[in-house]
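Biologist: I have the structure open and would like to go through a few spots with you. Can we start with the charged residues?

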Amino acid sequence: MGRIAITLEKQIELLRSRGMIINDVEKAKEVLLDVGYYRLGFYWFPFEKPCGQHQARTHEFVAGANFDDAVKLYYFDYALRNILQKYITRIEVNFRTYLVYLISNRYDMLPTWFVSSRVVDRDYIASFDKEVYTDKFKRNKFIAAHHRKHINDKYAPAWKTLEFMTLGSNIALYKSLLDLEDKKDISKHFGITYTNIFENYLDVVRCVRNTCAHGGLLYDMALYPLIRRGPANVSGSERKKLYGALKVVGYLLKQVSANRAAEFEKEVEDLLKKYATTPAIKTILRTSSGFPV
């Protein structure tokens, strides 16, 4: 829309002037008011004519570009985001629980082992107060209740503290463990022998989770950690695309619960059956997302 806000009527006029087919104007107005012109723009981008590397986008659409197809792509992303958030939570909780259980029992005399130089590297410890145990963190009602009851404790014990740390903070803590055997025992819990592959898979899950949590695009997401070759059987261009990330999520989920993994696979398959029947969407999911459709 440029720098000046325009009405729904003008938005539709602009889209049509650029070559987009809009069959139901009233429905298009409803969608534009619900989702927003700017956000929908990320989903009609694949329908725009390509431009040169150093050329400004013209925003003109290829022949046959249809507003309804862009909306379908948006709803595919929306539905997949909800599926992923549900199942990634299972992985996140299981990872945190096993990390707390294993290390807390292995160093049972160190209830705050996450800041012990016997267990964790010094760089992580040095940044802990600034990055994790902040004033905001300590205002969490359960952490605050601990400190009211135990006024001399600098930190709440691991089983309380890690519960309220972000997935990213818990992954960073895992990476900071000093004893390789500690790390291996946790990675083996997820059926992965090599800790570097396990760390990579965790980073992939975090990338997908953050994309979902912040309303980012899934269909054309570019993974910032290239997926390593490992038991999830991700190869070729899949290593940087959504489909490869779904393989990683599915593999880790299977280590947590075979039933939940089967449910996840079924929900994704059903979603593809619903949206990949539209030729334009099928092409996008194959080329941008890496799905073998």
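Biologist: Is Lys29 buried or exposed?

Modeller: This is a predicted model, so everything here is computed from it. Lys29 has a relative accessible area of 18%, so it is buried, the cut-off being under 20%.

Biologist: Which residue does Lys29 form a salt bridge with?

Modeller: Glu9, with the closest N and O atoms 3.1 Å apart. Lys29 sits in helix α2 (residues 25-35) and Glu9 in helix α1 (residues 8-17), so the pair links distant parts of the chain, 20 residues apart.

Biologist: And Glu9, buried or partly exposed?

Modeller: Glu9 is partly exposed, at 46% relative accessibility. Glu9 and Lys29 also belong to a network of salt bridges that includes Glu26.

Biologist: How many salt bridges are there?

Modeller: The count comes to 19. One of them joins Arg260 and Glu263, where the closest N and O atoms are 2.7 Å apart.

Biologist: Where are those two, relative to each other?

Modeller: Both are in helix α13, three residues apart, which means about one helical turn lies between them. An α-helix has 3.6 residues a turn, so residues three or four places apart point the same way. Arg260 is partly exposed at 25% relative accessible area, and Glu263 is partly exposed at 33%.

Biologist: What angle does α13 make with α12?

Modeller: Helix α12 (residues 242-256) and helix α13 (residues 258-275) pack at about 150 degrees, with their axes 6 Å apart. Angles over 145 degrees count as roughly antiparallel, so that is the label for this pair.

Biologist: Which residues make the contact?

Modeller: On α12 they include Leu246, Val249 and Leu253, and on α13 they include Ala261, Phe264 and Val268. Arg260, from the salt bridge with Glu263, is also among the α13 residues in the contact. By class, the contact has eight nonpolar, one polar and two charged residues.

Biologist: Different topic. How many residues of α11 are buried?

Modeller: 14 of its 19 residues, so α11 is mostly covered. The helix runs over residues 195-213 and reaches 26 Å from its first C-alpha to its last, close to the 27 Å expected. Just after α11, Gly215 takes a positive phi of about 70 degrees.

Biologist: Last one. Where is Ser116 found?

Modeller: Ser116 is in the loop between α4 (67-106) and α5 (122-131). At 12% relative accessibility, Ser116 counts as buried. Leaving aside neighbours within four places in sequence, Ser116 is in contact with Leu110 and Ile125.

Technical notes
Residues numbered from 1 in each chain as written. Predicted model: local features only at pLDDT ≥ 70, side-chain atom pairs only at ≥ 80, totals over all residues. Heavy atoms only, no water. Helix = DSSP H or I, 4+ residues; strand = E, 2+ residues; numbered from the N terminus. Buried < 20%, exposed > 50% of the residue type's maximum accessible area, 1.4 Å probe, protein only. Contact = heavy atoms within 4.5 Å. Expected span 1.5 Å × (residues − 1). Axes fitted to C-alpha atoms, helices over the stretch in contact; angles between N-to-C directions. Parallel < 35°, antiparallel > 145°, perpendicular 65-115°, else oblique. Nonpolar A, V, L, I, M, F, W, Y, C, P; charged D, E, K, R; others polar. Salt bridge = Lys/Arg side-chain N within 4 Å of Asp/Glu carboxyl O.
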